[in-house]
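Keep the sequence and the 3D view side by side as you read.

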Number of protein chains: 2
Amino acid sequence: MKLYKELVTIIKDENRVSINETILEQHSKGLAYHTPVKPDIVVFPTTTEEIRSILALANLHQIPVTPYGAGSSLEGHFIPVNKGIMINLTRMNKIIDIRPDDFIVKVQPGVTRNQLNQELKKYGLFFPVDPGADASIGGMASTNASGTNSVKYGTMKDQVLGLEVVLANGKIIKTGGMAIKSSAGYNLTSLFVGSEGTLGVFSEVTLRLKGIQEATVAGRALFSSIEEAGKAAETMLKSGISFGKIELVDDRTIKAVNAYKETNYQEVPTLFIEISGSDQSVQHDIAVTQEVAMSEGCTLFEFENDSLARAKLWEARHHVAFAILAANPGKGMLSTDVCVPISELPNAIIETRKITDKFQVDAAIFGHIGDGNYHAVMSIDEDNVGKIEKINEHIVQYALKKGGTCTGEHGVGIGKRKFLSQEHGDAVKVMKTIKASLDPMGILNPGKVF
Amino acid sequence: MKLYKELVTIIKDENRVSINETILEQHSKGLAYHTPVKPDIVVFPTTTEEIRSILALANLHQIPVTPYGAGSSLEGHFIPVNKGIMINLTRMNKIIDIRPDDFIVKVQPGVTRNQLNQELKKYGLFFPVDPGADASIGGMASTNASGTNSVKYGTMKDQVLGLEVVLANGKIIKTGGMAIKSSAGYNLTSLFVGSEGTLGVFSEVTLRLKGIQEATVAGRALFSSIEEAGKAAETMLKSGISFGKIELVDDRTIKAVNAYKETNYQEVPTLFIEISGSDQSVQHDIAVTQEVAMSEGCTLFEFENDSLARAKLWEARHHVAFAILAANPGKGMLSTDVCVPISELPNAIIETRKITDKFQVDAAIFGHIGDGNYHAVMSIDEDNVGKIEKINEHIVQYALKKGGTCTGEHGVGIGKRKFLSQEHGDAVKVMKTIKASLDPMGILNPGKVF
């Protein structure tokens, strides 16, 4: 109650400081399987100055602080395992400055991806990182999110030019700037991107933008085996074509999508492809892609030019996780997220299907093949949690053995902490040294990353 | 002499530990204008283990250590201002592992850019970062180097996937890995890239590679004013064409090149352009580029398809700095390196010509217009050093006022230290906190960055 009063004094608006049970409950869990924990209190700041005051207070009393964006994390990033203050950033949702001639936008952290792209459309621009969910820009920066577009446009680390960060001690710093390139001192922007709220709270994010392409086509290439599909994708990537998206979905996952969406896609390993650019270059790139696909054993190659058919195709791809959830009502979900050197992807997917079959678990398996990143989405409940975690462990160990990473885009959060030392060895000590030097009281999102 | 004996004990080869005056002299200065300082001793390690032993010794006795690559730094990065041990990494020049199917290579830090590309050619691959000089990969990673290709392929921070780093205390860590993407913990790779030898010595670098494009054309577009050329470049970039290179060179610089190379390029503001891709897309992109150029006041538009003519064209562009040096024999050189939001570039170049004219100084002015990064190269000697430094100061202040950075690709080194706090404010304190936590004795490349 003392904390509540102190926070109300800072925020000066009782409606933005909550100890309401329903609100606490809403902030206790993510989309995934992690054990819920309710925060003691939820604050809804609207300015950097308010965040600053909250952190100064928390640091003084050593109260844990957890930032919350759109709530779409898959690794429990915002579950306040040590309770304390939850900073809900959804009311900091202003687009501060669009500079179309500089291909730059500055936003508050609560702005969501769709909100931003809706606004950018009128300038012929768009923000290319697309993790599927309508995540907040602050949250996406926190986890170094990416998604289907990253084969062409990279991840958040490639698109965030600068940050305003409130540090654990309430000091405000600005990293990076509005220049596309800089070699001026340590790259703090890239250090904070992906730090999952453990080094500071983002209060502003400056992003690079891209021009909307003249033409976009989407299509499917069907194969008799994962190996063939993988080999074809590898050859396509080597051909120098700049794919907008290139996704591999296995036969069993197509089957789940058909059942869920009432579609009738042929149930074989499939590459979902998108190519964008000028009309002419897209036509050329499709032709080359088809040629490569056919020479690698493709059995059917179909492209959709019109935007409706394209949307339907990508909806099928984006709904594979929901297909698994729909088939298992009332259960939670675990999505694996390893990333391997790209030539290893087909074998990794085959291995993953083997292990889920061995444990008799239903899984949607699909991957960003251009990056070597893939997911196995499985429904989870109290009865099968042990089994699912064993599968996840097996998949991570396989990826690490091949030189890969335990998380390509979801982040460490709670679920991947146990793998961090195995992946990075003594480099984790350096990470911990940095954490201790910037947050000596350990108030920022405790229980995550390490 | 005691240090010499201790280092010989570590290295076990007297030929790789030197206190020869000529050798010390060779390691005392860079290509630029900074005051030379000789190290006490130069060591030529061949293994990570040797670097480890050198650093452990230096840390114990608090001896400064400065890493040395190809010696092409323009900001005095390897001038050992506090003397001590110079680690010359040129004998660590092995290409350790090429994985063409993964578009990855692992190299020792002394491998040079040309050496690497020569080897990669046989796989149809290349390493896209090109700072002009035949720099070492370790040095390029240390300064977050880039160059003319970065508008298409980004900077070193975008291409370095992982590092092996020997820390100040002699501990060896590995950052990153072989996955194209990762969200597993803090992005230490991006922290070490651009840290200019002040946080650790790189002993291995893992790089992303690109496929050699089917077709490449280069060309020139001439304009009557810098404003027109700048506006045209902006419109070209917005058209969605993926330029390989797009460089703006001012009229006076073309004149200097003509005098130096005995060429007869028309002496007007010029865009040097390169487009690569499939035959068909390149043809299309040239047509669009020409159309845009003409609509923005281009007076002549010429493209070269054959590789010889293309090489000649880029030689002219790459030799502008030499043109200035040749016109001023025996003098040193200062290259400014600011980067501004891209729409600010034409005005920044006009402002730069104004200030060099005001001080009656000869300067080559040219820029990576796709990134907003440009250089004014001026000859420098004892007589004019004050004047040249005033010009540099003016150019940096102008860039910072426009939201830019004091260094786009050369790094801070010695010359830009005085601007760092102005550019980054309290973020510099965070950089210093990190430096102190990883190198508490301050042995690593003292007198640089801060």
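Start at D97(A), which is partly exposed at a relative accessible area of 32% (buried means under 20%, exposed over 50%, and partly exposed in between, using a 1.4 Å probe on protein chains only). Before going on, please note that this is a predicted model, in which local features need pLDDT of at least 70 and side-chain atom pairs count only at pLDDT 80 or more, while totals for chains, interfaces and linings use all residues. Residues are numbered from 1 along each chain as its sequence is written, chains are lettered from A and ligands numbered from 1 in the order in which they are written, and side-chain values use heavy atoms, with hydrogens and water left out.

D97(A) sits in strand β5 (residues 95–99) of chain A; helices (H or I, at least four residues) and strands (E, at least two) are DSSP runs numbered from the N terminus. Setting aside neighbours within four places in sequence, D97(A) is in contact with I104(A), V105(A) and K106(A), where contact means heavy atoms within 4.5 Å. Its C-alpha atom is 7.0 Å from that of V107(A), 10 residues apart along the chain.

One of those contacts, K106(A), leads on to the charged side chains. K106(A), E164(A), K174(A) and E204(A) are linked in a network of salt bridges, each being a side-chain nitrogen of Lys or Arg within 4 Å of a carboxyl oxygen of Asp or Glu. E164(A) lies in strand β8 (residues 160–166) and K174(A) in strand β9 of chain A, so the pair ties together parts that are 10 residues apart in sequence. E164(A) is buried, with a relative accessible area of 8%, whereas K174(A) is partly exposed at 46%.

Elsewhere in chain A, E119(A) and K122(A) form a salt bridge at 3.0 Å, N to O. Here E119(A) is partly exposed at 26% relative accessibility, and K122(A) is exposed at 59%. Over all chains, the whole structure holds 54 salt bridges.

Now turn to where the two chains meet. How many salt bridges are there between chain A and chain B? The count is eight, and R99(A) with E344(B) makes a salt bridge at 3.8 Å, N to O. In all, 81 residues of chain A are in contact with 81 residues of chain B. The area buried between them is about 6,100 Å², with carbon and sulfur atoms giving 59%; this is the accessible area (1.4 Å probe) that two parts lose on being put together, summed over both. K181(A), S183(A) and Y186(A) supply 16% of the area that chain A buries against chain B, more than any other three residues.

Following α16(B) comes G425(B), whose phi is positive, near 55 degrees.
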